[in-house]
Amino acid sequence: MDLNQWLVLSMFIVFIVMLFRGVPVAFALVGVALMFAVLGEYLLDPFRKSINTYIEFDRTGITYQKMGANAGRFFGGIIKNPVLVALPMFIFMGLMLDQSGVAQRMMKSMQVLFGALKGGLALAVMLIGIILAASTGVIGASVVLLGVMGLPAMMGQDYAKPIATGTIAASGTLGILIPPSIMLVIMSDQLAISLGDLFMGALFPGLILGGLYVVFLIVYGLVNPKAMPLPENREPVSMKIVMEVGLSVVPPLLLILLVLGSIFFGLATPTEASGLGAAGATVLALISRNLNFKVFKDVMRQTLNTSGYIVGIFIAANFFAFVLRRFGGDEIIENLVLGSFENPYMVVGFILFIIFLLGFLLDWIEITLIIMPLMLPVILDLNLPVESYGVVDNPSVVWFAILVAVTLQTSFLTPPVGFALFYLKGVCPPEVTLGHIYKGVIPFVLLQLLGLGIVFVFPELTTWLPALAYGN
């Protein structure tokens, strides 16, 4: 290994160590980048000259003036980027929908509707999670909401703690995959591909993953009825209950149609659709009489906090990537990955395996902002024969992005950084331990990997709908 390779490897090692030491992600990214910028520019340059070692390194690439100029580029790239404008709007939509009372009404009616089925309560929680995923895109709110509403009901019905907690955690994470999703918004920016393509491309994989969860719960309820017992006093299903379920499901479905339908039929850009979604969620909260000044202020504050957190990491990751490229890190990583396997699909599988492992240590935001831009040249060089149906631009990149999105589903459920696990633990009663939650998510992680395999084998699942939406 030459000196540049050691520097690139050291950057990642120091970054990981700082995370384990409890340093905030944005500070760790900026700190490591600044440290190695100074190290490479001023401390190692005399050493390189003294040993007469030539390493490709732009002497004027990392200077205070250059970094200052790039700071303006980082901020300007965010402010002027129309795709990233959708980010706070989708966050606002999810948080406001959480205040509208839609999920609470669905939970009460679906508990009665599915109460006669083995595992019916878990099935109701899962279906509500799928609907919320397609109308929020924020996993924290979904997991907490489902935990507060569903866990007491399942505990009261003597559900086994692992299956109850696993169902809630897995269903809550679907919001980061099923569009509209803030992760897809960031991926669109980092990979320079259409956000509409990503939204349409992620729809079938997200629904397939949700379908796998539903089938698993039905089968598990039949095989192990003691883990999901039926309630002793079951209320009979009547037309009134069916009507209540329908009325509770219609509002979020209309919101989904407003956002995704406007994109699908070409009536609005994704950015414009995000504004429609935010307005629609506000109207739902107003109709349900759950909107007041305090609620609106809280939603605005949470939107600002979440957006600021993501943008802060976005800027820090761009600075980290800027320094990494100065050391030739992008070329080093590209050559390393391409040289690992001759078969291009093995290369894609290797990348997904690395991302799966990184999901144990890093949040999806860091992986998306740091790893995705580095992998983009690799995917383009592979020239994968992904069917585009004549419409989708860069179909192989769209397919790869959805594969990564499905893989990153596991990052929410795998310790020690699985955020869904800790969101859920925060609303669990004391008798439900992290051990119960860890045990409960194992089958759902395996189902996520099965869903990943399906999308890997059938890339058409990610390209057919975008092609249909854009006129073929």
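Let me begin with two helices, α16, which covers residues 364–382, and α17, which covers residues 395–409, whose axes come within 11 Å and cross at roughly 150 degrees. Please keep in mind throughout that this is a predicted model. Two packed helices are described by the angle between their axes and the distance between the axes. Angles over 145 degrees count as roughly antiparallel, and α16 and α17 are therefore roughly antiparallel to each other. Their crossing is right-handed.

Which residues of α16 and α17 meet? On the α16 side we have W364, I367, T368, M372, M375, L376, I379 and L380, and on the α17 side S396, V397, F400, A401, V404 and L408. Sorted by class, this contact of α16 with α17 has 12 nonpolar residues, two polar ones and no charged ones.

Now let me turn to a second pair of helices, α10 and α19, whose axes come within 10 Å and cross at roughly 140 degrees. With that angle, α10 and α19 are therefore oblique to each other, and the crossing of α10 and α19 is right-handed. The contact is made on α10 by P205, I208, L209, L212, Y213, F216 and L217, and on α19 by P443, F444, L447, Q448, L450, G451, I454 and V455. The residues of this contact of α10 with α19 divide into 13 nonpolar, two polar and no charged.

That brings me to the aromatic rings, where a search of the whole structure finds 13 aromatic pairs. One of them is formed by F90 and F199, which sit edge-to-face, with 5.7 Å from centre to centre and 65 degrees between the planes. Because F90 lies in helix α4, residues 86–99, and F199 in helix α10, residues 195–223, this pair ties together parts that are 109 residues apart in sequence. Are these two residues buried or exposed? Both F90 and F199 are buried.

Another pair, F216 with F444, is also edge-to-face, at 5.4 Å centre to centre and with 80 degrees between the planes. Here F216 lies in α10 and F444 in α19, residues 434–457, so the pair ties together parts that are 228 residues apart in sequence. F216 counts as buried because its relative accessibility is 18%, and the cut-off for buried is under 20%. F444 is buried as well, with a relative accessible area of 0%. Finally, F216 and F444 belong to one aromatic cluster together with Y213 and Y220, and Y213, F216 and F444 are among the residues that make the contact between α10 and α19.

Note on methods
Residues numbered from 1 in each chain as written. Predicted model: local features only at pLDDT ≥ 70, side-chain atom pairs only at ≥ 80, totals over all residues. Heavy atoms only, no water. Phe/Tyr/Trp six-rings, centres within 6.5 Å; stacked < 30°, edge-to-face > 60°. Helix = DSSP H or I, 4+ residues; strand = E, 2+ residues; numbered from the N terminus. Buried < 20%, exposed > 50% of the residue type's maximum accessible area, 1.4 Å probe, protein only. Axes fitted to C-alpha atoms, helices over the stretch in contact; angles between N-to-C directions. Parallel < 35°, antiparallel > 145°, perpendicular 65-115°, else oblique. Left-handed = near helix turned anticlockwise from the far one by under 90°. Contact = heavy atoms within 4.5 Å. Nonpolar A, V, L, I, M, F, W, Y, C, P; charged D, E, K, R; others polar.
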